[in-house]
Amino acid sequence: MVNDAWNVKTTSGGDSHHAQRSLQAMKYFIRKQLGDQLSAPQERRVQNLLGRLARENAVLDYDRDGQGIKFVRRTPEDGRRVMRWPEGKSLPEAELEAAMELPPAAGEG
């Protein structure tokens with residue numbers, strides 16, 4: 001799903017983006033949302049990602065021609081997703097779309 005949305009650069013050279021830590025953490029988060037069990041290190045990476053997104057009121061975005069994954073200020077168009085969905089691309093099926101959404105904050109229903 002992530003690659004379909006962002007066409008993540010994967011090369012054998014040093015400019016590949018597929019192994020960037022924040023991208024990996026986001027993939028772990030989505031897997032967890034879909035019911036997968038995570039290892040303790042994977043869970044810590046997810047919690048670190050969620051904490052940073054909350055602190056910075058941010059969302060992950062992707063710049064294929066630049067440095068890859070970056071944290072950018074959340075806009076109303078981002079909704080509760082952890083990633084900025086590319087303009088003009090259709091959202092995935094409902095289950096996958098829901099898996100991209102941040103969990104409710106403490107005190108939210």
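Reader: How many residues does helix α2 have, and how far does it reach?
Author: Helix α2 (residues 21–33) has 13 residues and reaches 18 Å from its first C-alpha to its last, which is close to the 18 Å expected at 1.5 Å a residue. The expected span is 1.5 Å times one less than the number of residues, and helices (H or I, at least four residues) and strands (E, at least two) are DSSP runs, numbered from the N terminus. This is a predicted model, in which local features need pLDDT of at least 70 and side-chain atom pairs count only at pLDDT 80 or more, while totals for chains, interfaces and linings use all residues. Residues are numbered from 1 along each chain as its sequence is written, and side-chain values use heavy atoms, with hydrogens and water left out.

Reader: Which residues of α2 are buried?
Author: They are Ser22, Leu23, Gln24, Ala25, Met26, Tyr28, Phe29 and Ile30, where buried means under 20% relative accessible area, exposed over 50%, and partly exposed in between (1.4 Å probe, protein chains only).

Reader: And what follows the helix α2?
Author: α2 is followed by Gly35, whose phi is positive, near 105°.

Reader: Okay, what about the core, how many residues are in the largest nonpolar one?
Author: The largest nonpolar core has 22 residues, and those with the most contacts inside it are Met26, Leu53, Val82 and Met83. The elements giving two or more residues to this core are α2, α3 and β1 (58–63), and the largest share, six residues, comes from α2. Such a core is a set of buried Ala, Val, Leu, Ile, Met, Phe, Trp, Tyr and Cys residues joined through side-chain atoms within 4.5 Å.

Reader: What does Leu53 touch?
Author: Not counting residues up to four places away in sequence, Leu53 touches Ala58, Val59, Leu60, Phe71, Val82 and Leu102, with contact meaning heavy atoms within 4.5 Å.

Reader: New topic: what is the volume of the largest pocket?
Author: Its volume is about 160 Å³. On a 1 Å grid over the protein atoms alone, a pocket is an open set of points where a 1.4 Å probe fits, with protein on both sides within 12 Å along at least five of seven lines, and lining residues have an atom within 4 Å of a point. Grid points are joined across faces, edges and corners, and the volume is the space filled by probe spheres set on the points.

Reader: Which lining residues are closest to the centre of the largest pocket?
Author: Of the ten residues that line the largest pocket, the closest to its centre are Leu50, Ala54, Arg80, Leu102 and Pro103. Helix α3 (residues 40–55) gives the largest share of that lining, three residues.

Reader: Is Leu50 buried or exposed, and what does it touch?
Author: Leu50, which is found in helix α3, is buried, with a relative accessible area of 14%. Leaving out residues up to four places away in sequence, Leu50 touches Phe29, Leu102 and Pro103. Leu50 and Pro103 are 53 residues apart in sequence and 9.0 Å apart in space, C-alpha to C-alpha.

Reader: Where is Asn57, and what is its phi?
Author: Asn57 is in the loop between α3 and β1, and its phi is near 45°, a positive value in a residue other than glycine. Asn57 is partly exposed, with a relative accessible area of 37%.
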